[in-house]
Amino acid sequence: MRGYALQRLAVGAVQLVLLAVLVFLLTSLLPGDAAEVRNNEDATPEQVAALREQLRLDRPAWERFTDWAQGVLAGDLGTSLVSGGPVLDVLTNSAGVTLLLAAVTFMVVVPLAVLLGVVSGLREGGRLDRTVTSVTLTLNAVPDFVLALLLVAGLSLRLGWLPATWVGVGPADLLAEPALLVLPVTVVAARLVCLLSRQVRAGVVTVLGAGYVTQARRLGVPRRTLLLRHVLPNAAVPGIQELARVGDNLVGGVLIVEAVFAVPGVATALVGAVEARDVPTVQGLALVVAVAALLFSLAADLVCHRLVPRTEVLR
Amino acid sequence: MSTFRDRREFLALAGAAGSAGALALTGCGAGSGGGAAGDTGDKGAPRRGGQFRALFTGGGEAETIDPHAEALAIDMARTKAVFDRLVDLDATMTPVPGLAEKWESDAEATVWRFTLRDALFHDGKRLTPEDVLFSFARILDPKATTHFAQGLLSVIDLKRSRGVGRNVVQLALSRPSAEFPALLGTLGTAVVSTRYRDPARPVGTGAFRLKSFRAGRSFTAVRFDDHWGGGAYVDELRILSADADARGNALRGGEAEYGHEMTPTFARTAQADRSVRIVAAKGSTAHAIVMKCDRKPFDNPDVTLALKLLADREKLVEVVLAGRGAVGNDMFGKGYRYYPEDVPQRQRDVAEARALLKRAGVLNKPLSLYTSSVATGFVEAATLFAEQAADAGLRVRVTTGSSETYFKDQLSKGVLGSHRSGAMSIPTYINDRLLTTSSFNASGWRREDFDARFAKAQSSTDEAERTRLYGELQRTVHEEGGLLMWGHPDWLNAVSSRVRGVTAAPPNTLDSARFDKVWLA
């Protein structure tokens, strides 16, 4: 298994290099550069040219890329073209809230999705299953921003139970006032619970109908052991893979939720950097999010292997 | 070396400065002056105390607290809190005293003398002429790439400028400019102290002292008790960033006191909500379709006139601005100083437009209109105008481009384009958009005689004469220019119902996003 993990990491490194090149190429393809976009309509051509020189954007693209890549290899993510400060600052400023939001969302989503999935899978076609299915499918059909705005309008503005936004909130306030987390986490979790519980339910239904479960039943394995030992591990595999996929979405930030609740997270920083053509920041953020995605997917594979060892996957 | 041998050589613009002073005084009366502000609750004496949270569209890492590099509305609000300018602009873009209590020029408008107020910096030192000269030197520093007042203020000849006594600054200009005081009331012109080095540690004279600032996150400032204007009412001012939806929700949820630049949609919902109030400055900015006069078919003034006759302005205002705005008359600056109010409103006349187009032989050729979603309403206005043009059989093809580079791309793409302008004085607008040398001459309007007439108006020290000359320039643009200025949107801000002392004012003017006169009931 260690060999497998190392092999995956090596492939991951190649993927990261390709990604870095791709992100650089794509941002270079966008019209305008940081100097031109900075002040669309207010700067004279002379000022734009001077700024371009100052930001050293007049060098060939290849040179700028290799400079950046050398820095990254030395552990330096580069300097933001907008703030003039290190990209690492942009990252640490925005990653904190995003990670917190992602962690809390995980803690809510995983138990809830497993519970709903297993319960409805065990009673396939029953009243409970049909209720859970209808609710999750309906919720899944409501776009994030609609759900967010509805919740804010109802719970915050009308009833005044929860804060409507994170306006003026510092990191310390989040711990002091956990109520701030409720609405953003609810909106993100709603969609994820739907996705994951459907996966778990489908897994449970499939496994329950499998030959080895029927055989175990016939041998008189107690119901509880059957569920925990045989059904759940097998049924969880698609769910865990799905979880890894949504995990890197969460770490990349959820733009809609950040915008509606004024959460200063990674997605806002990334979109801002793209709009400002702040290439080093875009590169840095994309790289870190990509590393997170690779690690998530590797972790998911290893966990799945632990649950259901399959030699043909991990040689 | 003094340019003045005798005080009598000055032509005191006492009329202008004096009346402006009176305006400012009434304007300071607890914010009760001026405004169609809907200041329903401004009764009672102002109270001190409290925290005031104001919300703006954020700029993330691009935000700055350097007053000379300010570019975004949120930057300007912070600058206004911490610093002052020599001169400010009132709601009609007329200069009113700021740190300069009065000013006068010589007969050619090339040498100006500004008398400074008794003002204290946050470090307790008195404002001196040296501070003012230092500020202009800093703004005009050739190494600075983000000081946007450089273009306008390059007219100052620093080598010949100097302090006179302890409270007079004499500024020499390289060419005559009767509009010079108004230029000192624009973006990026705040006065800093000679001890100002690090933007993170500002030394200003403003009504608030900086407590903390993090770009894209938060700004906190506290009242400066020794401010020359009497000081602010609130104890603490926080300026924060949030998107439009979040601004509205935070205001309604009691998490903020002021929201800058709200949408007409929010204004409609706010009507039913007693916790917030909309403060609307009528017709403050401008929306236009531009026709490039240096390209076919718009090198023929008949064709530009035909398109102006084609637009259904009422419909555009109703649809694109959700009815919150005034109909435009193909000139910039409705309601501002020097605007010729007596030019009759242009009405829609499809038959006449069709006749003109037919005569010019352009009916069968489709015209390209380049737009983007960079400003709210651009794409909507372009699409609606294309439909209106079809009423005369004219085909207009709308192309949507990248928003980040729109204003530069628009100069080269399309014979028609979307255009909008923020609030600025009419001379500044002409200078930036309608001269041969203007970098962003959106309508390709390049005429030597127009440039010369503008220069003449700029150097005329007689206000009535200047008003007449600017009026004529505006009439020329109205008749022959490439600006189909169809509407002037209202400028919508919102305050929570506890807030008093907020005056309706166009952006970029003294009372816009001004928080030293606000108080909480």
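**Reading strands, helices, domains and a chain contact**

Modeller: Gladly! B:Glu104 stands opposite B:Arg113 in β6(B). Keep in mind that this is a predicted model.

Biologist: Which strands do five bridges join, and how do they run?

Modeller: They are β5 (residues 100–106) and β6 (residues 111–116) of chain B, and the two run antiparallel. These strands form a hairpin with four residues between them. In the turn, B:Ala109 has a positive phi of about 60 degrees.

Biologist: How should I think about side chains on a strand?

Modeller: In a regular strand, side chains alternate between the two faces of the sheet. Now let us turn to a whole sheet.

Biologist: In what order do the seven strands of the open sheet in chain B come?

Modeller: Reading across, the order is β9-β10-β11-β2-β12-β20-β13, and the pairing is mixed. At the edges stand β9 (208–214) and β13 (276–281) of chain B, each with a single partner strand, so one side of each has no neighbour in the sheet.

Biologist: How many bridges join β9(B) to β10(B)?

Modeller: Six bridges link β9(B) with β10 (residues 218–223) of chain B, and these strands run antiparallel. One pair to look up is B:Arg214, whose bridge partner in β10(B) is B:Ser218.

Biologist: Which strands does helix α2 of chain B lie across?

Modeller: Helix α2 (residues 73–82) of chain B lies across β2, β9, β10 and β11 of chain B. Its direction is at about 170 degrees to β11(B).

Biologist: And how do I describe two helices that pack together?

Modeller: Two packed helices are described by the angle between their axes and the distance between the axes. In chain B, α14 (residues 448–459) and α15 (residues 463–480) pack at about 160 degrees, with axes 9 Å apart. An angle over 145 degrees counts as roughly antiparallel, and α14(B) and α15(B) are therefore roughly antiparallel to each other. Their crossing is left-handed.

Biologist: Which residues of α14(B) and α15(B) meet?

Modeller: From α14(B) come B:Phe450, B:Arg453, B:Phe454, B:Lys456 and B:Ala457. They meet B:Arg466, B:Leu469, B:Tyr470, B:Leu473 and B:Thr476 in α15(B). By class, the contact of α14(B) with α15(B) has six nonpolar, one polar and three charged residues.

Biologist: At what angle do α6 and α9 of chain A pack?

Modeller: Helices α6 (residues 127–141) and α9 (residues 179–208) of chain A pack at about 135 degrees, and their axes are 9 Å apart. These two helices are therefore oblique to each other. The crossing of α6(A) and α9(A) is left-handed. A:Thr136, A:Leu139 and A:Asn140 in α6(A) meet residues of α9(A) including A:Cys194 and A:Ser197.

Biologist: Into which domains is chain B divided?

Modeller: There is domain 1 (28–80 + 206–282 + 493–520), domain 2 (87–183) and domain 3 (284–489). The C-alpha centres of domains 2 and 3 of chain B lie 33 Å apart. Still, twelve residues of domain 2 of chain B are in contact with ten residues of domain 3 of chain B.

Biologist: Finally, how many residues of each chain take part in the contact between chains A and B?

Modeller: Chain B gives 33 residues and chain A gives 36 residues. On the side of chain B that touches chain A, the largest share, five residues, comes from α6(B). By class, that side of chain B has 13 nonpolar, ten polar and ten charged residues.

Technical notes. Residues numbered from 1 in each chain as written. Chains lettered and ligands numbered in written order. Predicted model: local features only at pLDDT ≥ 70, side-chain atom pairs only at ≥ 80, totals over all residues. Contact = placed C-beta atoms within 7 Å. Nonpolar A, V, L, I, M, F, W, Y, C, P; charged D, E, K, R; others polar. Pairing = 2+ DSSP bridges. Axes fitted to C-alpha atoms, helices over the stretch in contact; angles between N-to-C directions. Parallel < 35°, antiparallel > 145°, perpendicular 65-115°, else oblique. Left-handed = near helix turned anticlockwise from the far one by under 90°. Domains from an automatic or database assignment.
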